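Thanks for making time this morning.

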Amino acid sequence: MKYDEKAFSAIQTDTDAGKENEHMCGIVGYIGEKQAAPILLDGLSRLEYRGYDSAGLAVRDGDRDIEVVKAKGRLRKLAEKTDDGNAMIGCCGIGHTRWATHGEPSEINAHPHSSEKLVTDAPGVAGVHNGIIENYQELKDKLLRKGYTFYSQTDTEVAVKLVDYYYHKYQVGPIDALAKTMVRVRGSYALAVMFRDYPGEIWVARKDSPMIIGVREGESYVASDVPAILNYVRNVYYIGNMEMARLTAGDVHFYNIDGDEIFKEPVEITWDAQAAEKGGYEHFMMKEIHEQPKAVADTIRSVVKDAEGVPRIDLSEVGFTDEVIRDISQICIVACGSAWHVGMASQYVFEDLARIPVRVELASEFRYRKPLLDPNGLVVVISQSGETADSLAALREAKKNGIKTLAIVNVVGSSIAREADYVFYTLAGPEIAVATTKAYSTQLIASYLLAMHFGYVRGTLEDAPYVKMLEELQTIPDKISQILTEKERLQWFASKFANAHDIFFIGRGLDYAVSLEGSLKMKEISYIHSEAYAAGELKHGTISLIEDHILVIGVLTQDDLYEKTVSNMVECKARGAYLMGLTSYGHYVIEDTADFTVYIPKTDPHFAASLAVIPLQLLGYYTSLARGLDVDKPRNLAKSVTVE
């Protein structure tokens, strides 16, 4: 089985389960003839984009005891502590980068965790874990009654000691011990374990948190994300939900929860490992901003086909039939973060083109109430990784109520993709920077395509405008490229406001939706407080915050709302605000109002968000750069959000 670059797209993760914000951790494991620790460190370095606060390794040399080394902070501290891994002898090991959920960031709380009483003891069982154990306190109390003691505050130590408990109590092998643990644990996990009694072997188990396994002659790898092992192996296996595996050098066996062996086909990854490198750019974020024309074009080409020289949308690979589309009574879009902003924008496009009621829900809110969903409705779940925990929980809630579900995701085979009734894969490719850019842009394009097709099939969008819009949509990649040629003006402007304390983004309709994303880009990587408001709401309280020299950015791409938003900008200027206007070519009169203006090419107003977001991404990037911050790894954030 083979996935090429187009089909395979990005392999990044958030998780499953009904967790809200996935564990932002990374797992790497290796068995072979080479020294394990340097390989583990290299793999973990390729998962740094996920965010972490500590890291650790567990390595063993043949029959010798498992050696564990941990460090708080960046991975380089662990590398220094182990002489780049050279000080840890052995060809079998597991490594981990941790994002704290249970227990503060510390060396003690870092993974790997041990079955022994003290973190310094040579472990009988050592393990690493992504995810979250919901009933860890209940399990901890049980183990305390059985004589176990705990040195950390983590749920992972509980999981490792539960494996040890079943292993010794029932005198069973690793598979049975893992299976008993899986049945007892509530929550999500990708678990990799080494047993003192089984040298040269790694045992893994998975529920809802992603995990892949790679095998080549004489070597086996396990990781939570493909980039970690892409330099070493191209054939990978995806371990399924509630499944386990036993890795030895060059071999792997899979088991179901009953302990029965099962067979899996490997998947060959053919996209270039260099896709995860910076390619000459200073930061991944800037590289990914410049990759948007290609990502958008690829996503369009995946479903737009020429029919005798006329473009047509073909959703056969998505799974939709015209009958299904005609029967849909309403749409509920559910997402988190930037994907939710995509939903906010696509709401306007769907309702206008398809004349179908749409509401947009935050997944974290949707899952904790009892939504009133029409049996003939459609729930659309948008997620870059296809693993976002809140979004996955919302998907499952919809399915539980018998509602049809559509996933817009960037990762083939991800949990949301597997569980949804229909799947639209975006083709953004690997996205490394924490602040999303190209994934957002491809999700927007997917939403436009769906809205146009729905309108065409339902008879609310006639053939001529449908074809004209498709032709215009195909010009979006070149227009994004045109905007990128003028980025130096934004760099200069960002340097003027690098010390700002507050920034406000305002707009109406689709311009309000793109303002939400612009504000998020600014705050998440520059740490400047910013807010997005529907421009007409300013006078209902927020305008009291406007004072001298506060930057107000007005987005004005919708012709029918242009004058109203200009009026709101004038109100801000009267109170001392410094105004930036973002509008389409031709609206040069804005320069009478705005102190600084950015122009984007003209396009169909339904698609304007795809162009307007580019200067806002650049503005956030350059502001962060001017403040001397880590653009790709903003504090307290991570690429994957898959635990509650």
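Predicted model: local features only at pLDDT ≥ 70, side-chain atom pairs only at ≥ 80, totals over all residues.

Lys-264 and Glu-243 are both buried, where buried stands for under 20% relative accessible area, exposed for over 50%, and partly exposed for what lies in between, with a 1.4 Å probe and protein chains only. The side chains of these two residues, Lys-264 and Glu-243, form a salt bridge at 2.8 Å, N to O. The pair links distant parts of the chain, 21 residues apart, with Lys-264 in the loop between strand 15 (261-262) and strand 16 (267-269) and Glu-243 in strand 13 (residues 243-248). By salt bridge I mean a side-chain nitrogen of Lys or Arg within 4 Å of a carboxyl oxygen of Asp or Glu, and the helices (H or I, at least four residues) and strands (E, at least two) that I quote are DSSP runs, numbered from the N terminus.

Residues are numbered from 1 along each chain as its sequence is written, and side-chain values use heavy atoms, with hydrogens and water left out.

Staying with the charged pairs, how many salt bridges does the rule give? The count comes to 28 salt bridges. One of them joins the side chains of Lys-161 and Glu-157, at 2.6 Å from N to O; both residues sit in helix 5, 4 residues apart, or about one turn of the helix, and both Lys-161 and Glu-157 are buried. Another salt bridge brings together the side chains of Arg-46 and Asp-42, at 3.2 Å, N to O, and here Arg-46 counts as partly exposed because its relative accessibility is 23%. There is also a network of salt bridges, in which Lys-207, Asp-208, Arg-396 and Glu-419 are linked.

Helix 5, which spans residues 155-169, also holds Lys-169, and Lys-169 is partly exposed, with a relative accessible area of 46%. Together with Arg-145, Lys-146 and Lys-180, Lys-169 forms a positive surface patch. For such patches, the residues have over 30% relative accessible area and no salt bridge, with like charges joined within 9 Å and nonpolar side chains (Val, Leu, Ile, Met, Phe, Trp, Tyr) within 5 Å.

Let me turn to the backbone. Most residues other than glycine have a negative phi, and most peptide bonds are trans. A cis peptide bond, with omega about 0°, joins His-111 and Pro-112, and Pro-112 is in the loop between strand 5 (92-98) and strand 6 (113-114). Met-242, which is not a glycine, has a positive phi near 60°; Met-242 is placed in the loop between strand 12 (235-238) and strand 13, and is partly exposed at a relative accessible area of 26%. Arg-355 likewise has a positive phi, of about 50°, although it is not a glycine. The loop that holds Arg-355 runs between helix 10 (337-354) and strand 20 (358-362), and Arg-355 is exposed, since its relative accessible area is 58%.

Which residue lies 156 residues along the chain from Val-467, with the two C-alpha atoms separated by 6.4 Å? That residue is Pro-311. Val-467 itself lies in helix 15 and is buried, with a relative accessible area of 12%. Thr-460 is in the loop between helix 14 (438-458) and helix 15 (463-473), and its C-alpha atom is separated by 8.9 Å from that of Asp-352, 108 residues apart along the chain. Gly-507, in strand 24 (residues 502-507), counts as buried because its relative accessibility is 0%.

Finally, the chain as a whole. The protein chain has 20 helices and 28 strands, and buried residues make up 63% of its 644 residues. Its C-alpha atoms fill a box of roughly 75 × 55 × 45 Å, taken along the principal axes. With 644 residues, a compact globule would have a radius of gyration near 26 Å, and the protein chain agrees with this because it has 26 Å; that radius is taken over C-alpha atoms, and the globule rule is 2.2 Å times the number of residues to the power 0.38.

Note on methods: Areas by Shrake-Rupley, 256 points an atom, 1.4 Å probe, with all protein chains shown as cover. Lys, Arg positive; Asp, Glu negative; His and termini not counted. Charge placed at Lys NZ, Arg CZ, Asp CG, Glu CD.
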